[in-house]
Amino acid sequence: MSVKLPNGMSTAMSVALDIPEFPHGEPPSGITCAQKPWDGVLVQVEGIPFAAGDEVTFHITVCSDLAGHLPAAETQGVVRIAAGTASVDWTVPWDGVLDTATAGSLIAFYTLAPADGGAPSTSQEAIVRYSRQHPDGGACGTDAPEHGCAGPAHS
């Protein structure tokens with residue numbers, strides 16, 4: 001966002017950003033097989049006055065621990081805003097990202113690059129528990145015979 005000064009010059013200001021959300025995560029369990037992560041996991045930002053031409057880059061880390069200290073995969077997704085909106089979302093892909101950990105956490109933050117050339121702003125991180133494990137030791141996923149289940153009781 002830029003502010004026009006009386007002398008005609010403008011000054012770039014960064015925007016305070018909300019923390020991204022995982023709208024399909026269910027507390028306290030987070031993202032599990034019930035949310036079908038093999039179809040991707042939605043990350044969303046709401047309540048920000050995005051403008052046409054803004055660019056939002058989602059940064060996602062899949063970790064194999066709950067605390068987010070053991071990264072298993074990282075990815076980025078860029079969303080270019082076509083028209084003014086207050087909500088932006090992106091789906092974290094399964095292949096090579098969500099399929100890299102059976103249990104742990106997902107960490108997300110995003111960067112907003114304003115179309116008006118203002119300074120980019122970066123949000124705080126959101127973290128959610130992530131588990132594809134079943135009590136029998138199997139894991140859900142695309143290679144499962146039925147309903148996303150794989151493992152001893154399902155093969």
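Residues are numbered from 1 along each chain as its sequence is written, and side-chain values use heavy atoms, with hydrogens and water left out. In this predicted model, local features need pLDDT of at least 70 and side-chain atom pairs count only at pLDDT 80 or more, whereas totals for chains, interfaces and linings use all residues.

User: How many helices and strands are in the chain?

Analyst: Helices (H or I, at least four residues) and strands (E, at least two) are DSSP runs, numbered from the N terminus. Read along the sequence, the pattern is β-β-β-β-β-β-β-β-β-β-β. The count is therefore zero helices and 11 strands.

User: In which strand is confidence lowest, and in which is it highest?

Analyst: pLDDT is the predictor's confidence in each residue, from 0 to 100. The chain averages 85, and 83% of the residues score at least 70. Residues 1–11 stay under 50, and residues 150–155 are also below 50. The lowest mean, 41, belongs to strand β1 (residues 2–4), and the highest, 98, to β4.

User: Which residues does Leu106 touch, not counting residues up to four places away in sequence?

Analyst: Leu106 is among the core residues that touch the most other members. Contact here means heavy atoms within 4.5 Å. Under that rule the partners of Leu106 are Phe22, Ile31, Val41, Thr61, Val62, Leu98, Ala126, Ile127, Val128 and Tyr130.

User: Is Ser64 buried or exposed, or partly exposed?

Analyst: Ser64 is found in the loop between β4 (55–63) and β5 (71–80). Leaving aside neighbours within four places in sequence, Ser64 is in contact with Leu70, Ala101, Ala103 and Gly104. Its C-alpha atom is separated by 8.9 Å from that of Leu106, 42 residues apart along the chain. Buried means under 20% relative accessible area, exposed over 50% and partly exposed in between (1.4 Å probe, protein chains only); because its relative accessible area is 42%, Ser64 is partly exposed.

User: Which cysteines does a disulfide join, and how many residues apart are they?

Analyst: A disulfide is a pair of cysteine sulfur atoms within 2.5 Å, and the count by this rule comes to one. Cys33 is joined to Cys140, S to S 2.0 Å, and the link is left-handed, with -90° about the S-S bond. Cys33 lies in the loop between β2 (10–12) and β3 (41–50) and Cys140 in strand β10 (residues 139–140), which places them 107 residues apart.

User: Are Cys33, Cys140 and Cys63 buried or exposed?

Analyst: Cys33 has 15% relative accessibility, and Cys140 has 1%. For Cys63 the value is 0%.

User: What is phi of Lys36 near?

Analyst: The place of Lys36 is in the loop between β2 and β3. At 44% relative accessibility, Lys36 counts as partly exposed. Its phi is positive in a residue other than glycine, near 50°.

Notes:
A nonpolar core is a set of buried Ala, Val, Leu, Ile, Met, Phe, Trp, Tyr and Cys residues joined through side-chain atoms within 4.5 Å.
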